[in-house]
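Reader: I have a model open and have never looked at it before. Can you walk me through it?
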Amino acid sequence: MDRRQTLTALLATTLAPATSWAQDFPSKPIKLIVAFGAGSGNDLIARELSKHMSESLGQPVVVENRPGGGGSVGTDAVAKAPADGYTIGLGTSSQMVMNVGLYKTLPFDVERDLRSIGLVARTGMILVASSKMPPTLAGLIAQAKAQPGKITYGSGGPGSISHIVGEAFAKAAGISLMHVPYKGNGPALADLAGGHVDLLFDGFLATNPLVQQGKAHILALSAPQRSAMGPQVPTFAEAGLPDYQAYTWNNLFAPAATPQPVIDRLNRALNQALAQPGLLQRLAQGGSEALGPSTPTDADSFGQRERARWVPFVRAMNIETS
């Protein structure tokens, strides 16, 4: 046997088991790690998604909650898991983008240690105001310019999504607002209902009850089009801020060394799930829209664009993190 034949035989021996293993994937349940608590919006998306992906894959997709560190604990668990496709994660804009800007060091590198499976959904954020505030975005901006630094906006805490997009809104509108941090958006909403804080960025599910009670009104939605959950609410573009964008988003991701055939199989299952009317309906009920079908490359590029946009902005805020 000459050198070329020896090399060919060696490659065939080396690659055959990996190829066969990838063709057999999955042969056991898959763990889907959610980096936030049970009952959260991300958890609900993951559980609905897991049902449909299980049908496509022929194996259970089991959701496991690993909250902590603003999503870093769960993200790190996936980054350090065996790269065999049996541990994947539901990513969020907090994990994949905001934390990169917030923390000087993370136990993982988003682009080195993780790879995307595909995009899941995007959820537009709404600007809600207490009942004492102007009923339109234009009216709010005019008042803020007349009273710089007097109008308050609540957030779920320093570095939370509601904090960051609130600062981005103030910059886009050319106004100065006073930030009032809370330990979560829930307490902030309660104070907004009581008129103790003027503004808050959140979602339809959380804020619609206050609107129905007459304790708040919604000024604008950051999304490409109006939502069925609030068809009367204009987009920021319609309300006069066409360049302002503020949304959360989800993807599926895996350890970086996961074989491409396994990533491709998971991607097919994800895209098949996102084509199911039941899943699309559940997403819409939460004010979300599917971002699929997408390829792993699409998802990687999406994340890179989001980091290029938000990480410098977040770092410039100089938010102190523990």
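Reader: How do the residues of the lining of the largest pocket divide into nonpolar, polar and charged?
Author: There are 16 nonpolar, 25 polar and four charged residues in that lining. Here Ala, Val, Leu, Ile, Met, Phe, Trp, Tyr, Cys and Pro count as nonpolar, Asp, Glu, Lys and Arg as charged, and the others, Gly among them, as polar. This is a predicted model, where local features need pLDDT of at least 70, side-chain atom pairs count only at pLDDT 80 or more, and totals for chains, interfaces and linings use all residues. Residues are numbered from 1 along each chain as its sequence is written, and side-chain values use heavy atoms, with hydrogens and water left out.

Reader: How much space lies in the largest pocket?
Author: About 1,300 Å³. A pocket is an open set of points on a 1 Å grid over the protein atoms alone, where a 1.4 Å probe fits, with protein on both sides within 12 Å along at least five of seven lines; lining residues have an atom within 4 Å of a point. The volume is the space filled by probe spheres set on the points, which are joined across faces, edges and corners.

Reader: In what sense do β4 and β7 pair?
Author: Antiparallel, over four bridges; pairing takes at least two bridges found by DSSP. Val128 stands opposite Leu200 in β7.

Reader: Switching topic: how many salt bridges does a search of the whole structure find?
Author: It finds 11, each with a side-chain nitrogen of Lys or Arg within 4 Å of a carboxyl oxygen of Asp or Glu. In one of them, the side chains of Arg122 and Glu289 meet at 3.0 Å, N to O.

Reader: Where do Arg122 and Glu289 lie?
Author: Arg122 is in strand β4 and Glu289 in strand β10, so the pair ties together parts 167 residues apart in sequence. Arg122 counts as buried at 18% relative accessibility, and Glu289 as partly exposed at 26%.

Methods:
Helices (H or I, at least four residues) and strands (E, at least two) are DSSP runs, numbered from the N terminus. Buried means under 20% relative accessible area, exposed over 50%, partly exposed in between (1.4 Å probe, protein chains only).
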